[in-house]
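Hi everyone, thanks for coming.

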Amino acid sequence: MTAVTTGTAGDRARAPRVVIVTGVSRFLGATVAARIAADPRVRRVIGVDRTDPPAELAPLLRGITLRRVDLTDGAASLVGLGAEALVHLAIMSSPDPAAGGRAAMKDQNVIGTLQLLAACQQMPSLRRLVVRSSTAAYGVSFRDPAVFTEDTEPRDVPRGGYGRDILDIEAYVRGFRRRRADVVTTVLRFAPFIGPQADTALSKFLARPMVPTVLGRDPRLQFIHVDDALEILRRSVLEDHQGTFNVAGPGTLTLSQAVRRSGRIELPVPEPAMHAAASVGRGVAGLSLDQVDLFVHGRVVDTARLVRQYGFTPRSTAAAFDDFVRAQESDAVITPARVAAAEQRLLDMIRSVREKRKVTR
Amino acid sequence: MTRPEIAPDIDDEFDERVAAGLAFLRRRLSGQYEIDEFGFDPELTDQVFQPLLRQLYRRWFRTEVIDVKNLPAEGGALVVGNHSGTIALDALMLTVACHDEHPAHRHLRLLGADLVFRMPFVSELARKSGATLACNPDVERLLTNEELVGVFPEGFKGVGKRFVDRYKLQRFGRGGFVSAALRTRKPIVPVAIVGAEETYPMLGSIKPLARLIGAPYFPVTPTFPWLGPLGLVPLPSKWLIRFGEPIDTEPFADQADDPAVVFNLADQVRETIQSMLHETLDLRPDPFGE
């Protein structure tokens, strides 16, 4: 799983003429499709999803050929399209209660990827495959090193469904790599996305006024700004970047630090209670075992390989998170301005009391 | 420090302290501070942890340091010490010695067993004070970042040994720490810590209780568990910390994968620390002296 630099810069920049993007009915897929379509060298972008895109994504998807395909039923219909690159983004990081919950999520993630890769194997024109993965691929263990490089093997299987799915997906991609060594395969292990909109399970969770945390644990977190993730995805389609890459904002924030920066209040809960809340039904209060894992162990990855290969440094975790905080400020309980004002008031009060004393003395 | 004699100066100093204290609180409350990728929080360490430990280091243990000049002023180095004292107070005192006594005020990044990182609260205190898991990827990363790394290769065999075995170095395992130093071409600084053995003289261990709480041992000391929480107060022994000459790893750098070379070098480090321990013990005839 080492990064292989292929060819010269000009060779690497050869853009594909036909691109398939899966998962276009969601923000990430639609935006990636739009950015690739904006490149004049790309003739045709085909957007695939099992549902029709919502109306708010329609402006992004102008000029993109849409196809309704449920990948879990097989992806043979994609074989004859002459695609030279395929971006697989139809991977869910949290269950959607309205669309079948965890069972449907697992189906789409694992079976969907299996079927899609089987179809990819049949495409003689395919030159590039880009797969969305996650830093959850490292699993969770107390014997884990503090910082994961791409070569770190997971020690323990995660408890969370998403983490398990990611391990399965990456195993399928490894198999595909063996069978189609001629295809440049890029696996992008993304840290949790963050941006002005709170639209992932984790960012929705962090946007609450009171954020439940695990008592006695203060995990180190990393985020990737959505805009930077989009740029990496765009380059992965338009240029050759063979290998597996961690995609995260450099640096780290602890959960308590993140909660304080966003002016929220921590609500520490003992781990067994947190675990129980996440295991019951669909999970109480939007909690999942993936989050409990993250909130106990934290997760920090090394991004040196990404920066070297792409020549692009994503904005830092702290900067990416601050962008989220600015957009969510109206709901903050404690804002930095309020804390600074309280500090000034206290200082003034102490000084005035002491002044009075001096006068009476 | 000279004591100011006129009132306004005292006022100013007080004002400054209050302002600094409030600014510290504001930064903490609003999360405006930096941590590194291992979770090390330099501000919290310097403002809160170190001042607390310093009291213990200076007043309680009256610690003296010998040959601190052997600690490099910059660049990565692996500090290897003897481990003792039932709970790992020696590691914490060594961080104070490296920070306070050395002109470069270096932060020592400790390596802890996975047990430390399993425990809630303890794990977070460890990370915030700069510690990380004792595993080769972390050690090599810290050394490559030019950090000073502290390791106690005896591990629980060292801290959990009985009082009759005091100042006898236990086995060093396979010497994984040596291969990390070889691979990163960083020197090894041996250190002998005298005094920790007498803080909690361990008479024995209650094995069933240890198994019950999942600990490597359950200590019985002259005061614990008999005196309850009072038994947790360490005995006020006299401490001496001696830094030995750095061992250059450059000549062996290509042999990091040869287990025999690594084992022999680890053994050489062990011998060095053992003889340093004997010499240092002679300097301290009375374990509880001034």
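Okay, let's start with two helices in chain B: α2, residues 42-60, and α3, residues 89-101, whose axes come within 10 Å and cross at roughly 100 degrees. Since angles of 65 to 115 degrees count as roughly perpendicular, that makes α2(B) roughly perpendicular to α3(B). Before I go on, please keep in mind that this is a predicted model.

So which residues of the two helices meet? On the α2(B) side we have B:Q50, B:L53, B:R54 and B:Y57, and they meet B:L92, B:M93, B:V96, B:H99 and B:D100 in α3(B). By class, the contact of α2(B) with α3(B) has five nonpolar, two polar and two charged residues.

As background, most residues other than glycine have a negative phi, and most peptide bonds are trans. Now look at B:E146, where phi is near 65 degrees, a positive value, and the residue isn't a glycine. You'll find B:E146 in the loop between α6 (136-144) and β5 (148-151) of chain B. With 13 other C-beta atoms within 10 Å, B:E146 is partly exposed.

B:Y167 also has a positive phi, about 60 degrees, although it is not a glycine. B:Y167 belongs to the loop between α7 (156-159) and α8 (176-184) of chain B. Buried or exposed, or something in between, for B:Y167? It's partly exposed, because B:Y167 has 17 other C-beta atoms within 10 Å, and buried would take 20 or more.

And then the peptide bond: going from B:F224 to B:P225, it is cis, with omega near 0 degrees. B:P225 is in the loop between β8 (219-220) and β9 (240-243) of chain B.

Over to chain A, then. Here seven strands form an open sheet with parallel pairing, and the order is β3-β2-β1-β4-β5-β6-β11. Which strands are at the edges? Those are β3 (65-68) and β11 (243-247) of chain A, and each of them pairs on one side only. From one strand to the next, the twist averages 20 degrees.

Let's zoom in on one pair from chain A. Strand β5, residues 128-134, and strand β6, residues 184-190, run parallel and are joined by seven bridges. A:S134 stands opposite A:F190 in β6(A). Across β5 and β6 of chain A lies helix α4, residues 161-179, running at about 160 degrees to β5(A).

Another helix to find in chain A is α2, residues 27-37: 10 of its 11 residues are buried, so α2(A) is largely enclosed by the rest of the structure. Among the buried ones are A:F27, A:L28, A:V32 and A:I36. What covers them? The cover for the buried residues of α2(A) includes β1 (18-22), β2 (44-49), β4 (85-88) and α6 (226-238) of chain A.

Last stop, the place where the chains touch. There, 26 residues of chain A are in contact with 25 residues of chain B. On the chain A side, the elements giving two or more residues are α7 (255-261) and α12 (336-360). α12(A) gives the most to that side, with eight residues. By class, the side of chain A that touches chain B has 14 nonpolar, four polar and eight charged residues.

Note on methods
Residues are numbered from 1 along each chain as its sequence is written. Chains are lettered from A and ligands numbered from 1 in the order in which they are written. This is a predicted model: local features need pLDDT of at least 70, side-chain atom pairs count only at pLDDT 80 or more; totals for chains, interfaces and linings use all residues. Helices (H or I, at least four residues) and strands (E, at least two) are DSSP runs, numbered from the N terminus. A residue is buried if 20 or more other C-beta atoms lie within 10 Å of its own, exposed if 12 or fewer, and partly exposed in between; C-beta atoms are placed from the backbone. Axes are lines fitted to C-alpha atoms, for helices over the stretch in contact, and angles run from 0 to 180 degrees between N-to-C directions. Angles under 35 degrees count as roughly parallel, over 145 as roughly antiparallel, 65 to 115 as roughly perpendicular and the rest as oblique. Two residues are in contact if their C-beta atoms, placed from the backbone, lie within 7 Å. Ala, Val, Leu, Ile, Met, Phe, Trp, Tyr, Cys and Pro count as nonpolar, Asp, Glu, Lys and Arg as charged, and the others, Gly among them, as polar. Two strands pair if DSSP finds at least two bridges between them.
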